[in-house]
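Ready to learn how to read a protein model? Let's take it one feature at a time.

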Amino acid sequence: MLHQSVKKMSYHVVLQRLPALLADAGFRGDIANDAALLAAMSTDNSTYTVMPDIVVAPRDAEDVRRLMRVLAADDLRGVPVTARGGGTGTNGQSLNAGIIVDFQKYMNRLLQVNEKEQWAEVEPGIVLDELNAQLAGTGLFFAPTTSTASRCTIGGMVSTDASGKGSRRYGKTSDNVLGMEIVVDGGRTLDSGAPTPDWANAMLAEIEAACSSGRDALLGQVPALSRRFTGYDLERAKPPEGDLEWWRLPIGAEGTLGLVTRVRLHLMRKPKFKRLVVIGFETFAAALDAGSALLAHDPLAIEVMDEWVQGLAERAGILQALPVGLRARDGRPIAYNFVEFVGDDEADLARHVEALRESTLTLAGAIASHVAVDDIEMAALWQVRAASVGLLGKVSGTRRPIAFVEDCVVPVENLAAFVKDFTGLLSSNGLSYGMYGHVDVGCLHIRPALDIDSDEDRTIMKAISDGVFDLTRRHGGIFWGEHGKGVRGAYLAEFVGEAAYDAFRRVKRAFDPAHRFNPGKLVGDPQSLMGIATTPFRSVKTDENDPLGLAFRCNGNAQCLSYQRSNVMCPSFKATRDLRHSPKGRADALRHWHQEKRQGDAIEELDSDVLAALDGCLGCKACATSCPVQVDIPEMKSHFLEQFYRTRRRSLADKAALLLEEYSPVLIRYRKLMAVFARIFNPLMEKASGLRDLPFISFHDVGTGGYKTFSVEVIAQRRWHEDTVFVWRDPFTALFDTQAALALADGLRGFGYRPVFVAMRPGGKAAHGLGDRPRFIRQARKLRAAIDKVAESGRPMVGVDPAFVMMIRQDYANAGLAGQNILLVQEFLSEEVARGRGLPRLNRERLPRKLFLHCSESAGAGATAWKKVFAALGAPVEIAATGCCGMAGLFGHQQRHQDLSKHIFDLSWTGQLRGEKQAMVSGFSCRCQTKRFSSIRGEHPMRWVADAIDVG
Ligand SMILES: Cc1cc2nc3c(=O)[nH]c(=O)nc-3n(C[C@H](O)[C@H](O)[C@H](O)COP(=O)(O)OP(=O)(O)OC[C@H]3O[C@@H](n4cnc5c(N)ncnc54)[C@H](O)[C@@H]3O)c2cc1C
Ligand code: SF4
Ligand code: SF4
């Protein structure tokens, strides 16, 4: 097998004219070539990286035509054009030099639905989950799915012929497409729903001839499996007795034939009921062997997960929902089969499930089973399966699981033997691996762990790839059964044989005579094709303890590109749909910056592009908790800013925030004077610094509620009553939000505790966020010592603001300053309840309906703890399904972020607050934002709790 090196050309010079040409042509979308965006577009979930030259995001199909018309100019004709959807490809499908066309940013609309005929027309950038959410009211859905349903686009699914759970019954994407519109060179458009334009007659005649010439050869060569067609679909594009259906050819073509601008999809009726059975097995081999027996019950899907992945999921704490019998036994992980049934007749469904359950009793190696009926539980369990790939990225050490032979399909009856040979090949090369996949269609996901930065492992990777290619064919299978081909396209000619490949070449030439659409993929001269061993690799190596090391651990699985409004991840991406403003994009930008710096290539422009990408980060920390490998962007931003400002002056706003934090104890001492002074000072400061809606210093302190504040030294000297609880504040809540502190103390007092305030001292939150690392470390060390000292009293400690508590937990640990924890108030109370402390009942009439959490606590255990507390208080509340509020400390006060901040608030908070008069709002930032953008009374939850304690 010969793999030639990818010819990487830079089109930078000729593309300098493009923005002006596009503007003249009336192009309305975005055109950008800043380094952060290019870095973000240079990776997907594969191990490769190819830096593009420019990124365009068209607004609509007309923009795509404008683009292609401009690119018809002689000096631009050689520039590659590659479509990109969600960028979740596992083999570099959407990576290329030249122009990347970003479809997910704007071209993401559901255009038309015909419920009667069960079809929908969509733009290609619509995300699968978004589409199905918009169809929810119709009872219809687009059935093919992927584990990346939350972020992959229909354009990407069509172009890779994606499929996943349920494909045995629903088919693949290609089985559910009814037509499309595609734009080719010169901006010419082919629409399967419109009469053929004159210019296309000769082209379609050539395509028809090519299909007819290669069809039999292709069918003779490719195994007749359900996930069959490979390359261009000659089989269905021109059946012997039928007309040419040219629109079937771009399906699975990975963008090599043109830019798809509209797709008509077949929709199915949503089944009324579903059930999920999870079966635990002693070994993965036993789980696989059970495949045929389980299949006899005709479920919708059977998915398998091996012991390695189960162990990772167990350690990540995401198996909590499973009964004990299905958890690791004596520390030994187990394997799972997930079996799903769907139907419209509930009784019939129950019979199927029961029959399957009974049969598991006789299955060798089966340990236990569990039936999930509740939709939320089923979704949570499927989430476990969907998280598998992300979990693999968590593996420590230099060898990490890599996708390159990860979706082979063999006949189900050959699966066990195939796996034996496959794993034998890996073991003989000393490689470990994780495995999961779709047993029902014989498709397994196997990711061998390799050190991609080592020459030796790269050689092994190529050898394994060649070996698995041969093995798959020997077992009557297909090398790329699910995820498309990408750079594996270099194997295509050998796989389909010369005659079929010749027909592919003719099809490619007819659609794309200039050979400009995603060149180097699938079809082309051997020397121009990208190959596994020759496409540049994305480095994963940094020095141990490198503060930017996490940027190198981002594996591009794109879980952070969430569009779901109620999800905490990632507010800046959700609001902008701009990849550079996502955790993935920021990690890519930081990695690129770090590498350039290492090579001594750093340039001013690159610094400011990376700064711009990081400036949009709210510091909400959702990435630090919800990304499978905890890519903590705020932590890395802090280190980047430290280096950035070594040679630059800080803004007045930054300096003011740093000084405010540093001197907060002094300001507090003169609180009343400062509160009066702030009436004059705030407007002046806003004018001079570009900050907006600055809060005013509270005139009174907690003494007005009868509470005492003591210094750490005094606390250390005294003995304290067993009901004492020490309350910590950060400078911002201490200065600006006495009400919250009183609320928390009143609530604790109402429960019989004796709250005592610890004299506030700066903890370095502003310094951390602004990258003043020496100041942060200095302040953090002092606060850490103070916390540890107070902890010696043996009395519990709680914090008023969740962001402050979580900062101490996360950022102090990152700085090597882990120690005694301050608890969130709900953590403290739920622990007390668990220890048997009785809490008074609340008068529910006095409580708001909803509790709005700060994103730093909702991503962690904060939400569960609140639920437990309110249950114990006899007043269950609804936790509002929100993401970030858009304020996040200083972010929402900065003039340049005003629009974004409001937009983020509107994404989830505005809707959740609609119809409410009052709300429990746990975060200081969130209360400020609620006050700015709504007329609702939002108070700390403990205010409401304190006022609702039923004294009668
Ligand atoms: C964790 C993980 C799990 C996965 N699980 C599955 C799975 O269960 N099933 C599955 O099938 N795949 C799976 N994949 C692979 C991937 O998600 C799918 O291939 C998905 O369909 C790609 O969609 P996308 O929008 O991300 O496309 P991209 O990766 O952006 O692009 C894929 C290809 O489509 C082309 N393309 C995109 N839009 C257009 C357009 N408008 N016109 C022309 N060409 C276009 C691109 O050029 C590229 O060649 C998984 C990937 C990951 C990372
Ligand atoms: S930041 Fe995390 S979730 Fe996002 S692509 Fe990287 S590893 Fe995946
Ligand atoms: S901290 Fe929040 S805004 Fe910043 S990258 Fe992470 S998820 Fe996005």
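What follows is a short chat about this predicted model.

Q: Next, the inside. How many residues does the largest nonpolar core have?

A: To read a core, look for buried nonpolar residues joined through their side chains. The largest one here has 112 residues, and Ile-154, Tyr-232, Leu-249 and Phe-511 have the most contacts inside it. Helix α19 (residues 498-511) supplies the largest share of this core, seven residues. Domain 1 (271-394) and domain 2 (400-481) both contribute residues as well, so the core lies between them.

Q: Can we zoom in? Which residues does Ile-154 touch?

A: Leaving out residues up to four places away in sequence, Ile-154 touches Val-122, Pro-124, Ile-126, Leu-128, Leu-131, Phe-142, Val-263 and Leu-265. Apart from this core there's another one, with 53 residues, including Phe-552, Cys-560, Phe-644 and Phe-891.

Q: I've spotted ligand 2. Which residues come nearest to it?

A: For a ligand, list what surrounds it, then sort that list by class. Ligand 2 has 13 residues around it, and the nearest are Cys-554, Asn-557, Ala-558, Cys-560 and Cys-627. By class, its shell has eight nonpolar, four polar and one charged residues.

Q: Those cysteines make me curious. How many disulfides does the whole structure have?

A: A disulfide is a covalent bond that links the sulfur atoms of two cysteines. A search of the whole structure turns up zero. Take Cys-855: its closest cysteine sulfur is in Cys-884, 4.0 Å away, which is too far for a bond. The cut-off for a disulfide is 2.5 Å between the sulfurs.

Q: Is Cys-855 buried or exposed?

A: Compare its relative accessibility with the cut-off: buried means under 20%. Cys-855 has 6%, so it counts as buried. Cys-623 is buried too, with a relative accessible area of 6%.

Q: What about a whole helix? How many of the ten residues of helix α35 are buried?

A: Go along the helix and check each residue in turn. In α35 (residues 825-834), seven of the ten are buried, so the helix is mostly covered. The buried ones are Val-825, Gln-826, Glu-827, Phe-828, Leu-829, Ser-830 and Glu-832.

Terms used
Residues numbered from 1 in each chain as written. Chains lettered and ligands numbered in written order. Predicted model: local features only at pLDDT ≥ 70, side-chain atom pairs only at ≥ 80, totals over all residues. Heavy atoms only, no water. Core = buried A, V, L, I, M, F, W, Y, C linked by side-chain atoms within 4.5 Å. Buried < 20%, exposed > 50% of the residue type's maximum accessible area, 1.4 Å probe, protein only. Helix = DSSP H or I, 4+ residues; strand = E, 2+ residues; numbered from the N terminus. Domains from an automatic or database assignment. Contact = heavy atoms within 4.5 Å. Near = heavy atom within 4 Å. Nonpolar A, V, L, I, M, F, W, Y, C, P; charged D, E, K, R; others polar.
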